[in-house]
Amino acid sequence: MMKFSTQDIQALKNAISAARLVGVDAFVIANGKVSGVSEKMNGCIFSDFALSEKPDIRLGLNRISELDKRLSLFGDKDIDVTLDITAEGKAKIMHIKSPSGRIEFRCTDPKMIKAPTEITDPIIAVGVMSKAEVAQIVRGVNVLSAEKIVMHIDRNQVIRFEAKDATNDTFEFKLENPAEFIDDAAPMLTQFDGSGGVITKLLDAAGKDCDPMSFMISQTGQLRVNYNSFDLIAIPKIETY
């Protein structure tokens, strides 16, 4: 049996909120990390996460949207959260108790959850955008009901977002600040989901959380943002030129 501290409970709630932002509904907490990938393979959480007690356990959580509801079931009342743990160090059942009631959540074998154990895709560029720029990009994409968003970084390090709808009508927006290439990175073009997709949700939330908001671009075109102390990734389809 393991008991969550008050800080552990809040950290778990924050991790769930962050993961859901990029479409992740299952993740693993193990080896000092929280890790999970969305079903559509277009979003990922991979961030530091350490439980205050028994940090070496392996905790697999599927249907985290359901877990979120159960953690919030008793409102603002203080709750106790404990885990039944197998002899192999895997979490089996989570018990959520308040002074007046209780509910359980059955954990999942971590091996059954898509979760990277490391990220080997190197960062090739770093960028920054203001809260106003983020809001303009999100509004433009949503007004157009765009089906895709393309981020360009040209040879002059200019960062430009382009969105197209089903009829090929286009919205374009250029960031004020140029990208900072790491080493000898080449210009690139990276395509993401459009309106309602992971990147718009991630940019919108992160832009409201931090002004200006910094972001990183990996070699394969992943856009990485730190939101509420969690490292989140929008996974693209990518072309280079």
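Predicted model: local features only at pLDDT ≥ 70, side-chain atom pairs only at ≥ 80, totals over all residues.
**Entry 1**

Two strands pair if DSSP finds at least two bridges between them.

I looked up β15 and β16 (residues 223-227) first. Two bridges join these strands, which run antiparallel. I then asked which residue of β16 is the bridge partner of Met216. The partner is Arg224. The hairpin of β15 and β16 has four residues between the strands. In this hairpin I found Gly221 with a positive phi near 95°.

**Entry 1: the other neighbour of β15**

Next I turned to β9 (residues 123-129) and β15 (residues 213-218). Six bridges join them, and the two strands run antiparallel. I wrote down the partners in β15 of two residues: Ala125 is bridged to Ile217, and Met129 is bridged to Met213.

The bond from Asp211 to Pro212 is cis, with omega near 0°. I located Pro212 in the loop between α4 (198-209) and β15.

**Entry 2: the sheets**

How many strands form the open sheet that runs from β5 to β13? I read nine, in the order β5-β2-β3-β4-β17-β16-β15-β9-β13, with antiparallel pairing. The edge strands are β5 and β13 (180-181), as each pairs on one side only.

I also found an open sheet of four strands, in the order β1-β6-β7-β8, again with antiparallel pairing. Its edge strands are β1 (2-3) and β8, each of which pairs on one side only. Two bridges join β1 to β6, and these strands run antiparallel. I noted that Lys3 stands opposite Thr82 in β6.

**Entry 3: helix α2**

I looked up the buried residues of α2 (residues 64-71). They are Ile64, Ser65, Leu67, Asp68 and Leu71. Why are they on the same side of α2? They cover an arc of only 160° around the axis, which puts them there. The buried residues pack against α1 (6-21), and against the strands β2 (26-30), β5 (59-62), β6 (80-85), β7 (91-97) and β8 (102-106).

I checked two residues here. Arg63 has phi near 55°, a positive value in a residue other than glycine. I found Arg63 in the loop between β5 and α2. Is Arg63 buried or partly exposed? Its relative accessible area is 34%, and buried would need under 20%, so Arg63 is partly exposed.

Asn168 is not a glycine either, yet it has a positive phi of about 80°. Asn168 lies in the loop between β11 (159-164) and β12 (170-174). With a relative accessible area of 51%, Asn168 is exposed; the cut-off for that word is over 50%.

**Entry 4: the cavity**

I ended with empty space inside the structure. Rolling a probe the size of a water molecule over the atoms shows where such space is left. How many cavities of 30 Å³ or more does a search of the whole structure find? I recorded one. The volume of the largest cavity is about 40 Å³.

I listed its lining as Ile29, Ala30, Asn31, Gly32, Phe49, Ala50, Leu51, Pro55 and Ile57. Sorted by type, the lining residues are seven nonpolar and two polar, with no charged residue.

Terms used:
Residues numbered from 1 in each chain as written. Heavy atoms only, no water. 1 Å grid on protein atoms, 1.4 Å probe; cavity = no way out; pocket = protein on both sides within 12 Å on 5 of 7 lines; lining within 4 Å. Points joined across faces, edges and corners; volume = space filled by probe spheres on them. Nonpolar A, V, L, I, M, F, W, Y, C, P; charged D, E, K, R; others polar. Buried < 20%, exposed > 50% of the residue type's maximum accessible area, 1.4 Å probe, protein only. Arc of directions from axis to C-beta. Contact = heavy atoms within 4.5 Å.
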